[in-house]
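User: I've got a model to go through and would like a quick tour. Can we take it one question at a time?

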Amino acid sequence: MCPINLAHGAGQEKALRYAATLARMFAAKLYVCHSIENVELLGTQIIEATEADLRKYVGELMSMLFFQAEEAAPDWESFVVSDNDPSEAIAREAAKRRVDLIVMCSRRRPLRAALIGSTAERVCRTAPCPVLVTHPDQREWMNGKPDALSLKRVLVAHDFSDYAEVALNCARLFAQKNRVELHLLHVLPAPLINEPELAWTQGVAEGTYHKAARQLQHFVPTEARRWHEVKTLVRWGKPYGEVLAYAKDQQIDLICMGAHGAGFEMQALFGSNVDRVLRQAPCPVLIARPLKPSLAAPDLQDLARSTSEHLNRN
């Protein structure tokens, strides 16, 4: 599903292009929605006109994208939703329609978002499926053809949690489809000034580092390495800072992260690690959440099944 705002064409068009390309690659149905606030103040004619504008906008973009490539467009449907909170409407419709992936654009308004959070950030907290967030000034990995992606390097920020496993499963799905490099990064917290000096002797620090490195290696099955090159790395520091630095240094095309825990839900006022990465990443970011399978995409359905089995075991 791709939520768009008809008043902001450039970034919305990019998100819709990604959504349409992925829908065709995974043989999935594409839903495109537009949210109207204060619908009780609007007349039926205005709502119907908005629905017509949405259908026209999506239809023209589909024709342009797939006609040039002489390919069939994916099955798509557009609709208008009404809610004073667009993020709630998007999450509700995604659950209702058993959506596998939400693709949306963030306009990155950091000052406002730091206080109340952007619509994209709020959707990432409540969506019943993974959310792929794009932005206008990102590194591109869609080469203009609807049957292929120029995706070369995918980064998973792995904190050894269940939701990081969901992110890894999503990343592996992209990697298998495109035979790309898969990077796994784990960030260890730097020692605090008031911690006992004995707790951070060189031997203890090295032991912690090597233990994390060994754990990271085990998260990628041997058979997965036959599909793509896998690189693992452990760093010290602030998670969001190291993720952003690594993504920039390695020219990462897609960052995958799991959304969970107090660090994501309780620190929205100052920005969690996920929020900060969403606002500053040089490439699209996929926020992994439990996936509700549909009947349209076998690959994503397999991903949902493996994710569910993993979460149930833990």
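**Contacts, strands and cores**

User: Leaving aside its neighbours within four places in sequence, which residues is leucine 184 in contact with?

Analyst: Quick ground rules: this is a predicted model, where local features need pLDDT of at least 70 and side-chain atom pairs count only at pLDDT 80 or more, while totals for chains, interfaces and linings use all residues. Residues are numbered from 1 along each chain as its sequence is written, and side-chain values use heavy atoms, with hydrogens and water left out. Contact means heavy atoms within 4.5 Å. On that basis, and skipping neighbours within four places, leucine 184 meets Val156, His158, Leu168, Leu216, Phe219, Val220, Val230, Lys231, Thr232 and Leu233.

User: Does leucine 184 count as buried or exposed?

Analyst: Leucine 184 belongs to strand S7, residues 181-188. Strands (E, at least two residues) and helices (H or I, at least four) are DSSP runs, numbered from the N terminus. Buried means under 20% relative accessible area, exposed over 50%, and partly exposed in between, with a 1.4 Å probe and protein chains only. Leucine 184 is at 1% relative accessibility, so it counts as buried.

User: What aromatic pair does a search of the whole structure find?

Analyst: Rings of Phe, Tyr and Trp (its six-membered ring) pair if their centres lie within 6.5 Å; planes under 30 degrees apart are stacked, over 60 edge-to-face, and the rest tilted. The search of the whole structure turns up one pair. With 6.3 Å from centre to centre and 70 degrees between the planes, it's an edge-to-face pair of tyrosine 31 and phenylalanine 79.

User: How many residues apart in sequence are the parts this pair ties together?

Analyst: Both tyrosine 31 and phenylalanine 79 are buried. Tyrosine 31 sits in strand S2 (residues 30-36) and phenylalanine 79 in strand S3 (residues 76-82), so the parts that the pair ties together are separated in sequence by 48 residues.

User: Which residue has its charged end over the ring of phenylalanine 79?

Analyst: A charge sits over a ring if NZ of Lys or CZ of Arg is within 6 Å of the ring centre and within 35 degrees of the ring normal. Here the charged end is 3.7 Å from the centre of the phenylalanine 79 ring, and it belongs to arginine 97.

User: In what order do the three strands form the open sheet?

Analyst: Two strands pair if DSSP finds at least two bridges between them. S1 and S2 run parallel, joined by two bridges. The edge strands, each pairing on one side only, are S1 (2-3) and S3. That puts the open, parallel sheet in the order S1-S2-S3.

User: What angle does the direction of helix H3 make with that of S3?

Analyst: Axes are lines fitted to C-alpha atoms, for helices over the stretch in contact, and angles run from 0 to 180 degrees between N-to-C directions. Helix H3 (residues 86-96) packs on the sheet and touches S1, S2 and S3; against S3, the angle is about 135 degrees.

User: Which residues have the most contacts inside the largest nonpolar core?

Analyst: A nonpolar core is a set of buried Ala, Val, Leu, Ile, Met, Phe, Trp, Tyr and Cys residues joined through side-chain atoms within 4.5 Å. The largest one has 49 residues, and those with the most contacts inside it are Leu30, Leu254 and Leu286.
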